[in-house]
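Try each task yourself, then follow the solution step by step.

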Amino acid sequence: MHYFRYINDKLCCEGVSVYSLARRFGTPLYVYSQATLVTHYQKLQSALAPVEHLICFSVKANSNLSVLRLLASLGSGFDVVSGGELQRVLAAGGEPSKCVFAGVGKTEAEIEFALKRGIYCFNVESEPELERINRVAARLRKTAPVAVRVNPNVAAATHAKITTGTYTTKFGIPFEEIESVYARAAKLKHVRLRGVQMHIGSQITTVEPFEEAVRKTVPLVQSLKEKYGIEFFSVGGGMGIVYESALASGSPRWWEGPAGKDLLTPTRYASRLVPLLKPLGLRIIVEPGRLVVGNAGILVTRVEYVKRIGSKNFVIVDAGMNDLIRPTLYDAYHEILPVVRKRNATFCADVVGPICESGDFFCKDRVLPKVEQGDYLAIMSAGAYGFVMASNYNSRPLPAELLVNGNRVAVVRERQRVSALWEDEKLAPWLK
Ligand code: LLP
């Protein structure tokens, strides 16, 4: 389920009309539904209740301070991949003792900062990184909690750019080498082996790849527990969401998804994984990003022009690939809905932005309700990897972000001022 609905032909986010938000705050505009976010978090929380667990929200998916604060208030931990993300979490009131720090390229400064703040664990991606963490910890006279990321070499059917669980990617340490890496790590004086981690990819929409990876890894984890007394197993994130909500065609049935598909829900995920994980007697960590926030956000945009070239229609909107890069980067599908439904004729069109690149599109050759200049469109399921991947390309300021809670609306990020774009730039002295 999600809390975007048509009420009298007006798209609403919870109790608020998206049209009124677009008029009041301008476009392009990200709008998040608090109830959707909370519901997804809680569904996962209760599905995993049979095992001792910690949800570490993957900050890279959406790092707005209000989103992080909301999740922290629900008890969430956080999966961070940079010093910047850790600082955001702290600024939002998250607890460092519930943070895991992942990523293949941690710098000395980042390691030092995380160690001083007392994070729960470093998820280590290579032996040189283990040695670096040990060195930094020794200098600070500390012991660094670590988990090594095992690459289980399991292929998941997802886009090549978001596959991580096979040996053709830079992530983790091959399954076969893990025992010997733990044996060497155990000799390092300033690291403590606290757990083991894995992550096989993102937007995985069936449970089988997760099951296969867990089945393969459980005996290894058991053996590491016996030898080194590790306390947790993180199975990573990657739970996929439904991008085709069927809202356009009638009643929303997001949670069941399009007919005939065996969708990945928190319940299905947990019902297949918990029986495999429970006998380990370890704390289970999950690192969902998209599952929690993906369907909780939309990008609202205004139609600037409708243009016809030969037999093709182009709807030119005021959002661009700099605001939401997923369609062009991953060939990602995002449903596009009229903010006010007119029930008029349809036409086939590309929805494109104003950026000077032919890759600046949100959809191609899609049947859409006929729109005109000044109409608003909602690009759905943009809550994860939307705003966080936005850039200033073409000197376009970053969009505003709103959080809706029932009938209440808060600006959780102001639209960037254009002058802020060159605030940190300086004229070379010889040009003054
Ligand atoms: N844990 C690790 C170690 C990860 O690398 C990731 C995502 C996650 C957790 C969270 O994955 P999620 O639950 O959100 O699938 N920008 C791409 C997705 C990149 C995912 C990177 N790693 C997109 O827009 O599809």
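Two residues are in contact when heavy atoms of theirs lie within 4.5 Å. Keep that in mind for the first exercise, and remember that this is a predicted model.

**Exercise 1. The overall build**

Task: Find what share of the contacts between residues at least 6 apart in sequence join residues at least 24 apart, and find how the radius of gyration fits the rule for a compact globule.

Solution: 
- Step 1. Begin with the elements: the protein has 11 helices and 21 strands.
- Step 2. Among contacts between residues at least 6 apart in sequence, 70% join residues at least 24 apart.
- Step 3. For 432 residues, a compact globule would have a radius of gyration near 22 Å; the protein has 23 Å, so the value agrees with the rule.
- Step 4. Along the principal axes, the C-alpha atoms fill a box of roughly 70 × 65 × 40 Å.
- Step 5. Finish with burial: 56% of the 432 residues count as buried.

**Exercise 2. Rings that meet**

Task: Classify the ring pair of Tyr120 and Phe232 and the ring pair of Phe210 and Tyr269, then say where the partners lie.

Solution: 
- Step 1. A search of the whole structure finds 7 aromatic pairs.
- Step 2. In the pair of Tyr120 and Phe232, the centres are 5.3 Å apart and the planes stand at 45°, so this pair is tilted.
- Step 3. Tyr120 lies in the loop between helix H5 and strand E8, while Phe232 lies in strand E12, so the pair ties together parts that are 112 residues apart in sequence. Tyr120 and Phe232 are buried.
- Step 4. The rings of Phe210 and Tyr269 have centres 5.2 Å apart and planes at 85°; planes over 60 degrees apart count as edge-to-face, and therefore this pair is edge-to-face.
- Step 5. Phe210 belongs to helix H8 and Tyr269 to helix H9, 59 residues apart. Both Phe210 and Tyr269 are buried.
- Step 6. Look also for the cluster in which ring pairs link Tyr30, Tyr32 and Phe387.

**Exercise 3. Around helix H5**

Task: Which residues of H5 are buried, and which side chain does the side chain of Glu112 meet in a polar contact?

Solution: 
- Step 1. The buried residues of H5 are Glu110, Ile111, Glu112, Ala114 and Leu115.
- Step 2. Their cover includes helix H4, strand E7, E8, helix H6 and strand E9.
- Step 3. Now pick Glu112, whose side chain makes a polar contact with the side chain of Arg139 at 3.1 Å.
- Step 4. Apart from neighbours within four places in sequence, Glu112 is in contact with Val136, Arg139 and Leu140.
- Step 5. Just after H5, Gly118 takes a positive phi of about 80°.

Technical notes:
Residues numbered from 1 in each chain as written. Heavy atoms only, no water. Phe/Tyr/Trp six-rings, centres within 6.5 Å; stacked < 30°, edge-to-face > 60°. Helix = DSSP H or I, 4+ residues; strand = E, 2+ residues; numbered from the N terminus. Buried < 20%, exposed > 50% of the residue type's maximum accessible area, 1.4 Å probe, protein only. Rg over C-alpha atoms; globule rule 2.2 N^0.38 Å. Polar contact = N/O pair within 3.5 Å; in protein donor to acceptor, adjacent residues only side chain to side chain.
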